[in-house]
Every structure is written in C-alpha cells, then in structure tokens.
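Please keep the sequence and the model in view while reading.

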Amino acid sequence: MERIGRRLAIGLILAVVCAPAAHAADDFDIDGYRTARYRAPVDRLPAPARRIALEDALGLDEALFIDVLPVESGHRDPATGQWRLSQPHETVPGALWHPETGRSPVDPVLWCGLEQAVAEARRRRPRLSVVLFCRTDCWMGWNAARRLAKGGVRHVYWLAEGIEGWHAAGRALVRAEPVVLAPS
C-alpha cells in the first residue's frame, strides 16, 4: 500500500511540474507561431526576421513602422472594411496600424492588406526597413515580423519593446486609426 501511495505522490508531482511545459507547447501552431496567450514574455527571436534594439529603432531616419496591436473591444465590418473602435489607440508617429495581423492563424484579408502596404512602400524605396511591433511582452509583433520575413520580405525587424518602450524612451505617441481594407 505504501508503494502505491509513493507512486501516486510521484505521479502528482510530475503532473504539476510538467503541466506548464505541456500547456506552453499548446500555445504554438505547427509552424511555430504563437496562437494563444499573446501577452507573455517572448523567449526567442522571430527568425528569419531580426530583433531591432530600441535605440536603433529610435535612430532610424526612414523605416516603415507597422503596429499590429489588435482592436480592443471593437470589430471590423466585413461589408465596408471599416473598424468600429470602443476606445482610442495611440502608436508610434507615422506607423500604420494593421490590427489583428499578429494573430495565428491570421485573417487572410488583413494579412494581404499588410503585405500590400509593405509592397507599396518598397516600390518607392526597395531597401526600406520594416519594423513590426505591438506591446512589450506581446507575441503579435513577433508573429507578424516572422511571417513577413518567412514570406520572403527582407529587412524585417521586430521591436520587442513596442509602444510602451517607445514612449518610455521619451518619444511621443499619436492617435492612430486602423487601416481600412475595402472588401474584395
């Protein structure tokens, strides 16, 4: 009987210790994109995209900054492409706000809109750096940067510090409106 009790105790200890690791593995899809609990410390690089240091991002003269933060308590009207917001959003000055494009799986219409924005900017400046971000400790910017670079886009960077890091560095934020994508 004592042997069974010991085995049961060891089994319970292993279940408690191993559960977080198994649970964390469920947060990623087969391609390695985060699919759940996006607000968590990011523990890896978004290869083939690269992480850009906040200081380097602050010093960029020309770059396409793309905010992928989701719309909180709002939605996109599929008939018009218009976003309905329940609260305002502030971001890096000059950044394009492509909400929801850091999710996995990503909405193909929204992702196509982001890719088209990058392609349009690159027609004018082919080597333009693209910097994707959301918030600090958020996987959405990581997902989007990785997905874009894996799609063959070069000079793609992920700003891990996101909006909060930008602001904490003494830089202003500006009110943003989400990019409207007309239905096809």
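## V68 and its contacts

Leaving out residues up to four places away in sequence, V68 touches H98, P99, E100, T101, G102, L114, L132, F133, C134, M140, G141 and A144, where contact means that heavy atoms lie within 4.5 Å. The model is a predicted one, in which local features need pLDDT of at least 70 and side-chain atom pairs count only at pLDDT 80 or more, whereas totals for chains, interfaces and linings use all residues. Residues are numbered from 1 along each chain as its sequence is written, and side-chain values use heavy atoms, with hydrogens and water left out.

One of the residues touched by V68 is E100, which is placed in the loop between strand 6 and helix 3. E100 has a phi near 70°, a positive value in a residue other than glycine, and with a relative accessible area of 14% it is buried; here buried means under 20% relative accessible area, exposed over 50% and partly exposed in between, with a 1.4 Å probe and protein chains only.

## The nonpolar core

V68 is also among the residues with the most contacts inside the largest nonpolar core, which has 48 residues, and F65, I66, L114, L132, L148 and L159 are the others named for this. Such a core is a set of buried Ala, Val, Leu, Ile, Met, Phe, Trp, Tyr and Cys residues joined through side-chain atoms within 4.5 Å. Two or more residues come from each of helix 2 (54–58), strand 2, helix 3 (108–124), strand 7, helix 4 (139–150), strand 8 (156–158) and helix 5 (162–168), and helix 4 gives the most, with seven residues. Helices (H or I, at least four residues) and strands (E, at least two) are DSSP runs, numbered from the N terminus.

## Strand 2 and its partners

Strand 2 covers residues 63–67, and because four of these five residues are buried, it is largely enclosed by the rest of the structure. Strand 2 runs parallel to strand 7 (residues 129–133), to which five bridges join it, and it also runs parallel to strand 6 (residues 96–97), with two bridges between them; strands are taken to pair if DSSP finds at least two bridges between them. I66 stands opposite L132 in strand 7 and opposite L96 in strand 6.

## Helix 3

Helix 3 has 17 residues and reaches 25 Å from its first C-alpha to its last, which is close to the 24 Å expected at 1.5 Å a residue, the expected span being 1.5 Å times one less than the number of residues. At the start of this helix, a side-chain oxygen of D107 comes to within 2.8 Å of the backbone nitrogen of V109.

The buried residues of helix 3 include L110, W111, G113, L114, A117, V118, A121 and R122. Among the elements that cover the buried residues of this helix are strand 2, strand 3 (75–76), strand 4 (83–84), strand 6, strand 7 and helix 4.

## Loops with particular features

R34 has its place in the loop between helix 1 (2–25) and strand 1 (50–51), and it counts as buried because its relative accessibility is 8%. Its side chain makes a polar contact with the side chain of D27 at 3.3 Å; a polar contact is a pair of N or O atoms within 3.5 Å, and within protein one must be able to donate a hydrogen and the other to accept it, while residues adjacent in sequence count only if both atoms are side-chain atoms. Apart from neighbours within four places in sequence, R34 is in contact with D27, F28, A40, S104, W139 and N143.

The loop between helix 1 and strand 1 also holds P48, which a cis peptide bond joins to A47, with omega about 15°. Another cis peptide bond runs from S104 to P105, with omega near 5°, and P105 lies in the loop between strand 6 and helix 3. S73, found in the loop between strand 2 and strand 3, is not a glycine but has a positive phi of about 55°, and it counts as exposed because its relative accessibility is 68%.

## The chain as a whole

The chain has five helices and nine strands, and along the sequence they follow the pattern α-β-α-β-β-β-β-β-α-β-α-β-α-β. Of its 184 residues, 42% count as buried, and residues 24 or more positions apart account for 77% of the contacts with a separation of 6 or more.
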